[in-house]
Amino acid sequence: MQKNILLIFVLTLSCFSLAQNNKVSFKLDYSPIFLTKNGDTINKALIGGLNQPQFQKLDINNDGLKDLVIHDRSGGMILPFINKGGNDISKYIYSPEYVSCFPKMYDTWFLLVDYDKDGKEDLWTKINFKATLFKNITKKSDKRVSFVQISPQLMAYNFNPAPLDSNTVSADNFNIPAIADMDGDGDIDIFSYQVNEGNFLIYRNMTVDFNLPLHPPVFDLADWCWGNFRDTGSSGYMIYPCGYKIYRKHNGGSTLLWFDNDNDGDMDLLLGNAGKTNIQFFKNGKKEYNLTYDSIIGVDGNWPSSNTSVSLQSFPGIFLLDVDNDSINDILIAPNQYDYNYTVKETKQVLFYKNEGTNLYPDFKLKKTNFFTDEFLDHGAYTSPVLQDIDNDNDLDLIIATNGDNAITNNYNDRLILYRNIGNAQKPVFKLEDEDLWGLSYDSIRFLSICFGDLNGDSKIDMLAGNYFGSLYYYKNIGTSTTWAFTTPTKNFENIRVGERSTPQIIDLDKDGLNDIIVGEFNGNFNYYKNTGSSSVPKYTLIDDTLGNFIVNEVTDYDTSHNPKYYWIGNASGIITDINNDGKFEMVCGGNEGKIRVFKFATYNQPKYIEDTTILFDSSYMRYNTLDFGADSKPAIGDIDGDGVKDIIVGNNRGGIHLLKGKVEISNTSKLVKNKMPVIYPNPNHGNILNINKNDNEIYSFKILNISGKTILTENSNPHSDFHQIKIDSLNRGVYFIQSVCTDNTVFYSKIIILK
């Protein structure tokens with residue numbers, strides 16, 4: 001009884017909040033100025049770079065204007081850009097708050113095509129090895145686009161007896177299919193490449209034929225040799241190869257784009273081949289020659305032969321959209337290759353072919369070879385940043401280790417990029433100064449990752465470099481305080497060798513006055529090497545090869561039965577520092593999974609470090625959480641604007657960087673209660689629906705407890721709405737309490753009375 005009285009006393013308090021004390025949080029920020037070598041502003045410096053971008057247009061914010069959606073195959077990142085009414089797509093505004101509108105798509109394709117003629121583009125992609133369709137269900141009153149998955153897997157119905165009545169739509173992750181109205185009957189068909197056979201499959205939409213509604217689509221595998229030709233290799237083809245055809249009315253790899261090039265009523269084809277740099281155009285002669293089937297009658301092997309032909313490493317993808325808002329569709333070409341079996345262009349890799357004709361009679365002319373990418377800070381792939389004052393002017397400079405673009409370096413001679421801070425400690429201005437700092441590219445290092453610290457007790461800052469093989473290179477500083485210079489590296493420093501992809505940090509972890517070394521590695525763990533020698537004659541001894549007892553990775557793959565499987569590709573990269581100014585160390589780390597995480601620990605030898613998900617704020621989902629930067633995230637930490645709060649620069653596998661700005665949040669309890677306390681009604685309630693106004697779109701977790709403190713029901717609110725409903729028809733008559741918890745761990749309690 002005493003326990004229940006105490007519980008009721010606690011529950012009737014209006015608010016218990018962890019936010020009553022000041023705390024540090026980190027949010028994405030784009031304000032610092034970055035300049036090219038020529039002094040021009042890099043407008044999209046902190047968006048993260050592009051590797052294999054796929055371009056589509058869609059009204060994201062439901063204002064009547066078509067916006068730009070970029071999906072980068074590298075890490076499955078969605079980059080939304082809002083159209084503010086300009087006539088140049090490069091001026092669109094990056095708006096990450098709309099990322100949460102889209103499903104997460106890894107290493108695959110996506111297309112936006114309206115299949116039900118409601119004027120809203122629907123989303124087609126492949127998730128977990130299954131071709132799938134998300135219907136656009138945005139309402140007129142909505143402020144953001146909304147999709148719902150109509151089927152986990154698209155099927156083709158062949159109208160035969162079971163088990164031959166249906167099969168899955170074949171469209172693998174690697175290739176890009178064509179999705180359009182192939183036969184002009186008013187519904188949307190699918191055209192995909194059959195890898196093992198070299199044939200092109202038509203999945204014909206039969207909704208119009210059977211007088212069915214356009215939603216949902218119904219596909220029939222109508223032709224497995226469309227166009228009467230076959231792809232015979234990386235650059236070969238055969239016309240009229242089909243010994244027989246099945247056509248009911250109508251893996252190398254290929255990227256496909258259908259369009260009627262000559263307004264004759266049949267679909268012509270643009271095709272990009274895996275590993276090749278060119279685009280091929282296939283002329284369809286069905287209408288011109290009154291043929292029964294779509295039939296290829298001519299080929300332009302280097303499209304467009306009438307202008308500058310496409311030449312782009314590697315496996316070019318083709319995207320038809322209105323680039324310059326003149327209502328005429330242009331073409332963008334970008335690499336689709338996402339592994340390094342072939343050379344891959346990773347910077348200045350988007351070709352803009354402007355349509356100087358019309359939509360009915362197009363005439364594509366090359367206008368730009370670095371379209372949109374000239375707005376980005378992008379140095380290839382696998383960027384690993386470091387913040388360090390290398391010229392002793394009391395502000396932090398930015399150094400980025402990177403592969404430098406696979407098409408240039410072949411991933412065998414990574415280098416350092418220097419953005420010197422030519423502003424000051426309070427107002428940083430980072431200017432590109434050196435694209436091979438200290439000539440490290442000559443040391444032929446792969447997957448370069450560096451850190452700085454005094455390793456020989458001479459009060460000069462030395463450099464350690466990690467690499468693909470898991471060893472460390474030691475560079476002794478023989479320069480001055482304002483002009484650093486390094487000796488030829490000592491390889492295999494101290495015989496330290498972890499698994500692949502070593503990422504070092506120099507830090508006095510045990511606070512004994514001697515610098516130790518922490519090394520992340522491929523498997524996702526961190527290794528602690530303690531200096532058991534002296535400052536001038538260091539000796540490093542492995543103390544712990546699983547520091548903090550956690551692994552940097554998540555479920556990132558699936559087996560052949562599509563079940564999730566674990567594998568330990570972590571590529572752990574971390575910084576130990578006091579990130580929130582509480583006098584204790586935290587481990588801020590990233591890795592292959594693309595997230596940035598924060599782990600807290602009281603002492604370095606704590607058996608297990610504990611993840612803190614209340615520090616990093618994700619504006620894409622409007623919640624505190626781990627943040628996702630695609631893949632191979634790598635943090636650097638320092639106070640770049642002199643406000644006394646550390647900031648985080650994040651590298652990734654797309655060749656760019658991001659900034660998480662640190663900020664001290666000063667809590668005001670009375671104001672917090674007024675602004676955040678949810679309004680719950682009706683109360684008393686007759687036991688059907690409980691309505692909750694949250695006052696903002698933040699995610700709340702709700703618990704309903706009975707008078708004894710037992711949890712009866714638990715729910716999380718929708719992040720896209722400030723309104724939530726809970727069904728309570730299962731509750732008996734009586735007094736209950738509802739606990740509401742915000743993402744910053746602010747806790748509210750309210751009493752509700754159920755009358756039945």
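I take buried to mean under 20% relative accessible area, exposed over 50%, and partly exposed in between, with a 1.4 Å probe and protein chains only. I note that this is a predicted model, in which local features need pLDDT of at least 70 and side-chain atom pairs count only at pLDDT 80 or more, while totals for chains, interfaces and linings use all residues. Residues are numbered from 1 along each chain as its sequence is written, and side-chain values use heavy atoms, with hydrogens and water left out.

**Entry 1. Backbone**

I looked up the secondary structure and found three helices and 57 strands in the chain; helices (H or I, at least four residues) and strands (E, at least two) are DSSP runs numbered from the N terminus. Of the 756 residues, 56% count as buried.

Most residues other than glycine have a negative phi, and most peptide bonds are trans. Ser327 has a positive phi of about 70 degrees although it is not a glycine. I located Ser327 in the loop between strand 24 and strand 25 (330-335), and it is exposed because its relative accessible area is 59%. Glu494 also has a positive phi, near 55 degrees. Its place is the loop between strand 34 (472-475) and strand 35 (503-507), and at 33% relative accessible area Glu494 is partly exposed.

I recorded a cis peptide bond between His215 and Pro216, with omega about 0 degrees; Pro216 sits in the loop between strand 16 (199-205) and strand 17 (219-223). A cis peptide bond also joins Trp303 and Pro304, with omega about -15 degrees, and Pro304 lies in the loop between strand 23 and strand 24.

**Entry 2. Salt bridges**

I counted a salt bridge as a side-chain nitrogen of Lys or Arg within 4 Å of a carboxyl oxygen of Asp or Glu. The structure holds 33 salt bridges.

I examined the pair Glu121 and Lys66, whose closest N and O atoms are 2.8 Å apart. Glu121 lies in the loop between strand 8 and strand 9 (122-127) and Lys66 in the loop between strand 4 and strand 5 (67-72), so the pair ties together parts 55 residues apart in sequence. Glu121 is buried at 15% relative accessibility, whereas Lys66 is partly exposed at 32%.

Lys661 and Asp643 meet in a salt bridge at 2.6 Å, N to O. I found Lys661 buried at 19% relative accessibility and Asp643 partly exposed at 38%. I also noted a network of salt bridges that links Asp116, Asp118, Lys120 and Lys135.

I searched a 1 Å grid over the protein atoms alone: a cavity is a set of points where a 1.4 Å probe fits but cannot get out, a pocket is an open set with protein on both sides within 12 Å along at least five of seven lines, and lining residues have an atom within 4 Å of a point. The second largest pocket is lined by 32 residues, and Ile179, Ala180, Trp258, Leu320 and Asn329 lie nearest its centre. Among the elements that give two or more residues to this lining are strand 14 (178-180) and strand 20 (254-259).

I listed the lining of the largest cavity, which includes Tyr382, Asp414, Arg501 and Lys634.
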